[in-house]
Structure formats: C-alpha cells, structure tokens
Amino acid sequence: MLQSGWLRRAIAEGTVGVHGLRTPFRGGTVRDLSLKVLDIARGGLERRGHDEASFLKSLQVIAESGKTPADALLELYEGKWGRSVDPYYDELQY
C-alpha cells in the first residue's frame, strides 16, 4: 500500500506542507511516491481505452522536476520580488 499512517501523520503535522516533494518517505521522498502514483494513474487511464493520460502531464512535470508551484513562488519572493508580495498581484493576475 502506497499510503501509510506515516504519510497521513506527516500531512497533518505539516511536514509535507513545509518540505513538499522533498519530504523523506520510506527510504525515498514524497516526490518518489508521487512518481509511482502517477505511473499507476497513467496505467489505469490507458487501460480505460481513452486518451485521458494527458490530464496527468502537468502533474508529471512537477513530480519529475521536484519543483511545485509553491516552490516557484517562493523563488520569486526570495529573489526577483525582494521579499515582497506586491509583485504577485501585478505579475500573476488573471
């Protein structure tokens, strides 16, 4: 079983919320777990006979890179934005 009591605990305690995909998990990381889950999901979608695996593409990119959207925002905040959230509203508005 891929999900364990440890993972539920880590989520509840905020460990995953702080360390994201870098969180240690069973000799690997949550990123490793994410890649396994995506493989399982892709296989299931392909067995359905529909071209739905494309919906996993953005998640696959995140899992492969290990960089979440939150990581990207933190990089901007710490770097280009000079520790200010004001640019968020100018640069990322829809």
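Rings of Phe, Tyr and Trp (its six-membered ring) pair if their centres lie within 6.5 Å, with planes under 30 degrees apart counted as stacked, over 60 as edge-to-face and the rest as tilted. The model is a predicted one, so local features need pLDDT of at least 70 and side-chain atom pairs count only at pLDDT 80 or more, while totals for chains, interfaces and linings use all residues. Residues are numbered from 1 along each chain as its sequence is written, and side-chain values use heavy atoms, with hydrogens and water left out.

The structure holds 2 aromatic pairs. As for solvent exposure (buried means under 20% relative accessible area, exposed over 50%, partly exposed in between, with a 1.4 Å probe and protein chains only), W81 counts as buried at 8%. Y88 comes out partly exposed at 36%, and Y89 is exposed at 52%.

On to the helices, which here, like strands, are DSSP runs numbered from the N terminus (H or I, at least four residues, for helices; E, at least two, for strands). Helix α3 covers residues 30–47 and helix α4 residues 57–65, and the two pack at an angle of about 150° with their axes 9 Å apart. Axes are lines fitted to C-alpha atoms, for helices over the stretch in contact, and angles run from 0 to 180 degrees between N-to-C directions. Angles under 35 degrees count as roughly parallel, over 145 as roughly antiparallel, 65 to 115 as roughly perpendicular and the rest as oblique; α3 and α4 are therefore roughly antiparallel to each other.

Where do α3 and α4 meet? On the α3 side the residues are R31, S34, L35, L38 and R42, and their counterparts in α4 are L59, Q60, A63, E64 and S65, with contact meaning heavy atoms within 4.5 Å. By class, the contact has 4 nonpolar, 3 polar and 3 charged residues (Ala, Val, Leu, Ile, Met, Phe, Trp, Tyr, Cys and Pro count as nonpolar, Asp, Glu, Lys and Arg as charged, and the others, Gly among them, as polar). K57 also lies in α4 and is exposed, with a relative accessible area of 60%.
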